[in-house]
Amino acid sequence: MSDISLLMMGVLTTAPISALNLPAQPVIESNNLVEQSAQENLSQVVPPAEITPPEFVQPNITTSSAIKNKYENILKKSRGKIQFISSPNLSELKDTQLVTEVAQNQENTEEFSLSPQPPDSDNQMSQVNSVSQLEDVQPSDWAFGALQSLVERYGCIAGYPDETYLGNRTISRYEFAAGLNACLEKINEAMPAAGYAYANNKINNEDLILLQRLQGEFKPELQQLQQRVEAVENRTSELQGNQFSTTTRLFGQAVFSVQGTNSPDVDLFPRDGVPERQGKTNLTFTSSAQLTLATSFTGRDLLLTGLSAGNLGSAASLVSTNMGRLGFESNTDNNLVISDLSYRFLASDNLGIVLGTVGVNPINTFRGISPLEGSSDGAISLLGQRNPILGIGNGTGGIGFDWQISDRISLQGVYSAEIPSFPGNINQGGLFGGRFTAGAQLSLAPTNNIDIGVHYLYSHSPDGLLGNGIGDSQLISPFADATAFDTQAIGTTVAWRVNPNLQLGGWGGFTSSKPFNISGSVETTNWMVFAAFPNLLRPGNLGGVLVGQPPKITSSTLPEGFNFPNFSDGGTAGGRSDTSIHVELFYRAQLSDNIALTPGLFVIFNPDHNAANDALVVGALRATFRF
């Protein structure tokens with residue numbers, strides 16, 4: 001596998017860009033590009049130092065390597081398979097123009113116009129000392145005597161490694177010329193100065209005259225064969241000296257979608273269990289687009305420059321919960337923004353580094369485990385994309401690494417800041433101020449059919465918001481003064497490929513957050529189980545079923561007035577008394593290599609972890625175009 005394949009490349013996904021004005025802060029994700037549509041590749045052990053989520057595919061920047069291999073194969077065949085024995089002493093020609101023309105004309109034809117090759121035809125031929133060594137040559141064959149004479153008198157017949165001769169295969173004049181020349185060289189080697197004897201058999205004048213005539217008749221073919229060999233050698237040397245040049249490729253994606261929700265009754269201030277308002281949204285038709293330039297300077301690096309624009313905003317404020325967010329939201333008011341600006345390179349054969357001001361966070365640095373991940377071709381909900389703890393900190397820029405420890409174990413790490421470019425208040429931004437996250441993931445493949453990711457993240461929040469944008473991401477009462485929190489999160493994600501058409505898996509996550517200026521702590525949990533159905537009804541399609549719980553505050557022991565679960569009733573200590581359940585169905589129909597259509601539906605029971613709320617139903621029809 002080439003080094004460039006360790007670095008990844010993207011097929012675009014749309015991600016949330018702007019924040020919402022809701023109780024829970026949405027993610028300002030900067031998903032990278034290019035998601036893997038063939039999840040069966042997860043069955044292979046992940047290649048070394050691949051610094052990316054599964055959304056990246058390797059670039060096709062191997063043209064020079066392919067040409068090199070082509071000519072090396074031609075050279076191998078010209079020296080091995082098409083000769084009876086090697087003949088290195090052919091005369092040299094100086095007509096370089098002819099050499100070039102022959103090589104160029106050969107590129108678009110079968111190597112040296114050979115007929116279909118036998119099994120193991122790329123293996124070198126071996127010298128035969130007796131015709132009995134050739135399993136497919138029998139005494140009853142019409143050419144048995146000729147072969148026996150050539151082997152025993154001159155020693156100039158070679159067979160394949162499987163001890164066959166394949167005498168019925170058609171050969172070209174070049175092959176015949178090479179074999180003839182090999183025999184002539186053997187005869188010349190066998191002529192001692194004292195006389196012409198070889199293996200106690202006399203070489204008579206008639207044989208010599210015939211051989212000289214054949215040598216003269218096939219002299220042009222032998223010369224052209226040598227020219228082709230020299231041309232291939234020159235071309236191979238040139239390719240070795242110029243294997244790579246700076247290459248930039250453009251990838252694009254456009255997403256059109258229709259989405260809407262029902263109109264549930266909402267208990268906005270959970271005190272008496274009586275809904276105070278009704279959630280209402282319009283049926284909307286929206287779009288987003290993303291362009292990515294992927295540039296490699298050495299073949300072992302990748303500079304990603306992503307531009308995106310969209311007008312799909314969240315409906316969270318209209319239904320008073322962020323649990324109905326879509327995974328492909330992207331609201332920039334149709335203004336063009338930079339969605340990725342990161343540089344990835346190999347520090348060694350098994351260690352990759354990524355750094356950038358945009359597009360560097362746990363989501364884009366840790367290896368993806370779930371086959372349903374992918375905002376443009378995976379699950380339609382934000383919760384269905386991945387373990388929510390991976391979104392903690394809302395990071396955009398920083399540095400990360402991917403270390404391939406062994407064939408089945410790898411370690412990824414990342415440090416990411418939410419606003420790394422902010423030069424003002426240290427509590428609001430900068431590389432080490434404001435909201436930031438440091439974390440690691442241990443990726444395991446204990447068998448060829450199981451992938452496991454173990455996650456750990458440490459995050460600092462200046463305002464009591466986790467920044468994961470889904471479920472209980474707000475840690476303190478909206479009526480309390482903002483205070484900073486430090487959060488530690490652990491979780492795991494598992495995917496099991498039962499067979500090529502069925503994958504099962506799930507994830508779970510736990511967070512513990514401690515405030516700076518007050519006592520107590522806040523703990524949350526989340527979980528999800530899923531079933532994926534690759535190639536459902538047609539190769540390339542994907543079906544998915546997901547059931548899980550969005551992040552939920554299970555314990556809050558902050559001082560009275562600061563706790564979020566009971567914020568409308570004095571902010572007393574305690575966790576959520578009810579539990580939200582997320583149920584999702586979607587089906588991606590791959591209409592062509594470039595177009596996919598995904599209808600999907602998900603239902604949130606007890607939205608906002610409040611049994612007084614009506615179930616929230618979200619439906620969407622997503623069309624993805626890639627180029």
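User: In this predicted model, is Gly-520 buried, partly exposed or exposed?

Analyst: Gly-520 has a relative accessible area of 29%. Because buried means under 20% and exposed means over 50%, Gly-520 is classed as partly exposed. The residue sits in the loop between strand E18 (502–515) and strand E19 (522–534).

User: How far is Gly-520 from Leu-558, in sequence and in space?

Analyst: The two are 38 residues apart in sequence, while their C-alpha atoms are 4.4 Å apart in space.

User: How do I read a salt bridge, and how many are there by this rule?

Analyst: Look for a side-chain nitrogen of Lys or Arg within 4 Å of a carboxyl oxygen of Asp or Glu. Here the count comes to ten salt bridges.

User: Take Asp-349. Which residue is its partner, and where do the two lie?

Analyst: Asp-349 pairs with Arg-300, and their closest N and O atoms are 3.4 Å apart. Asp-349 is in the loop between strand E11 (337–348) and strand E12 (351–358), and Arg-300 is in the loop between strand E8 (284–296) and strand E9 (301–312). Asp-349 is exposed, at a relative accessible area of 55%, and Arg-300 is partly exposed, at 26%.

User: What about Glu-418 and Arg-435: are they buried or exposed?

Analyst: Glu-418 has a relative accessible area of 12% and is therefore buried. Arg-435, at 4%, is buried too. They form a salt bridge whose closest N and O atoms are 3.3 Å apart. Both partners are in the loop between strand E14 (409–417) and strand E15 (436–447), 17 residues apart.

User: Which residue does Asp-472 bridge to, and at what distance?

Analyst: Asp-472 forms a salt bridge with Arg-576, with 2.8 Å between the closest N and O atoms. This pair also spans distant parts of the chain, 104 residues apart: Asp-472 is in the loop between strand E16 (450–461) and strand E17 (485–499), and Arg-576 is in the loop between strand E20 (542–556) and strand E21 (581–590). Asp-472 and Arg-576 are both buried.

User: What is the volume of the second largest cavity, and what lines it?

Analyst: Its volume is about 100 Å³. The second largest cavity is lined by 15 residues, and those nearest its centre are Gly-368, Ile-369, Glu-373, Arg-386 and Leu-390. By class, the lining has six nonpolar, six polar and three charged residues.

User: Last, the surface. Which residues make the nonpolar patch?

Analyst: The patch covers about 790 Å² and is made by Phe-256, Val-258, Leu-283, Phe-285, Leu-591, Ile-595, Leu-597, Leu-621 and Phe-625. Strand E5 (247–261), strand E22 (595–605) and strand E23 (616–626) each give two or more residues to the patch. As one example, Ile-595 lies in strand E22 and is partly exposed, with a relative accessible area of 30%.

How values were computed: Residues numbered from 1 in each chain as written. Predicted model: local features only at pLDDT ≥ 70, side-chain atom pairs only at ≥ 80, totals over all residues. Heavy atoms only, no water. Patch = residues over 30% accessible without salt bridge, like charges linked within 9 Å, V, L, I, M, F, W, Y side chains within 5 Å. Areas by Shrake-Rupley, 256 points an atom, 1.4 Å probe, with all protein chains shown as cover. Helix = DSSP H or I, 4+ residues; strand = E, 2+ residues; numbered from the N terminus. Buried < 20%, exposed > 50% of the residue type's maximum accessible area, 1.4 Å probe, protein only. 1 Å grid on protein atoms, 1.4 Å probe; cavity = no way out; pocket = protein on both sides within 12 Å on 5 of 7 lines; lining within 4 Å. Points joined across faces, edges and corners; volume = space filled by probe spheres on them. Nonpolar A, V, L, I, M, F, W, Y, C, P; charged D, E, K, R; others polar.
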